[in-house]
Amino acid sequence: MAEDSTDQLTFQNPVTRFPEITPPKQDQPEPGLDQELTPQTDRGQHSYRGTGRLKGRRALITGADSGIGAAVAIAFAREGADVALSYLPVEEEDAQEIKSCIEDSGQRAFLFPGDISEPAFCTELVDSAAEALGGLDALVNNAGRQIAVEDIADLPDEQWVATFDTNIHAIYRISRAALKHMPAGSTIVNSTSIQAYMPSTTLLDYASTKAAINNFSKGLAQMLAPQGIRVNAVAPGPIWTPLQVSDGQPKEKLPEFGKNTPLGRAGQPTELAPAYVFLTSPESSYVIGETLNVNGGMPSP
Ligand code: NAD
Ligand code: MG
């Protein structure tokens, strides 16, 4: 999509940097695969250029097989980090593609399939990732599930609980386990959402978890700052990823996805990566408890 030339990278119109997309109605079983998405997404495979900002870092990224997490994993590798990728076993194809991309960038990638809504797996994931990486100093809590439901009467208790288990309970459990490994200078970045501030009626459970993630990030950030560990968050707007076609949106809304932003288009996953790189690299040393909005200009606090 984006052309890899210096001019293109240093001077670009954000309206046209990526094409406006009109995704056809489509459906995938949860959690969805990047490989089966129409149109395909830009995760920065052909465009992200690193400048050594994360050299020698050892990062665990959840939901790293696809969408935003995949773009972050590629960017981290291009910036010099080794990466442990967490994802669900059914996403093996997507994960293998990102692993190859990281290895082609000259870094190490380790795969950890498993379900982070299970408390025991959260600890196992962190300890295995730290062992494989030879330590852990960067955590990106990015995994999430989003299932749209039109009416609260049709929102089952099981869905409410599963969304909280995956989106926020896992962040608490993974962060707690990770901190046992993390030295001063380490960072945690959590994926929240514009839904934390502007909840859609169809996403009551999801939007509630995203508000909780913001609050958790700000509290934990203050707790850990004196130890030299920084916690921040990124709040994406409408980004074209498999989340949206695996019941994340009502089907009839897909063709219009992202067109209501001031830029008039959906974001691509690679447009999120620089925010995660910034918050993970030491250049953001005085940025703590912040939520960085990357949403195409939607007004949010
Ligand atoms: P995505 O589907 O590509 O990524 C979500 C990932 O979460 C999946 O790949 C999967 O590996 C992981 N996941 C879900 N349930 C899991 C479980 N039980 N165990 C382990 N892993 C699990 O979609 P994305 O849009 O890139 O989502 C990444 C993050 O960005 C999510 O937290 C999402 O809420 C957030 N976000 C996305 C958007 C958007 O418009 N796409 C907007 C705001 C926030
Ligand atoms: Mg995925």
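How far from an oxygen atom of ligand 1 does a backbone N or O atom of Gly-67 lie? The separation for Gly-67 is 3.4 Å. This is a predicted model, in which local features need pLDDT of at least 70, side-chain atom pairs count only at pLDDT 80 or more, and totals for chains, interfaces and linings use all residues. Residues are numbered from 1 along each chain as its sequence is written, chains are lettered from A and ligands numbered from 1 in the order in which they are written, and side-chain values use heavy atoms, with hydrogens and water left out.

**Ligand 1**
- Around ligand 1 there are 30 residues (a heavy atom within 4 Å), and the closest are Ser-66, Glu-91, Asn-142, Tyr-206 and Thr-241.
- Oxygen atoms of ligand 1 also lie 2.8 Å from a polar backbone atom of Ile-68 and 3.1 Å from a backbone N or O atom of Gly-144.
- Of the 800 Å² of accessible area that ligand 1 has on its own, the protein covers 97% (Shrake-Rupley method, 1.4 Å probe).
- Helices α2 (67–78) and α6 (204–224) each supply at least two shell residues (helices are DSSP runs of H or I, at least four residues).

**Aromatic pairs**
- The whole structure has 2 aromatic pairs (ring centres within 6.5 Å, using the six-membered ring of Trp; planes under 30 degrees apart are stacked, over 60 edge-to-face, the rest tilted).
- Trp-160 and Phe-164 are stacked, because their ring centres are 5.1 Å apart and their planes at 25°.
- Both residues, Trp-160 and Phe-164, lie in helix α5 (residues 157–179), 4 residues apart.
- Trp-240 and Phe-257 form a tilted pair, with 5.9 Å between centres and 55° between planes.
- Both Trp-240 and Phe-257 are buried (under 20% relative accessible area, 1.4 Å probe, protein chains only).

Conventions
A polar contact is a pair of N or O atoms within 3.5 Å; within protein, one must be able to donate a hydrogen and the other to accept it, and residues adjacent in sequence count only if both atoms are side-chain atoms. Buried means under 20% relative accessible area, exposed over 50%, partly exposed in between (1.4 Å probe, protein chains only).
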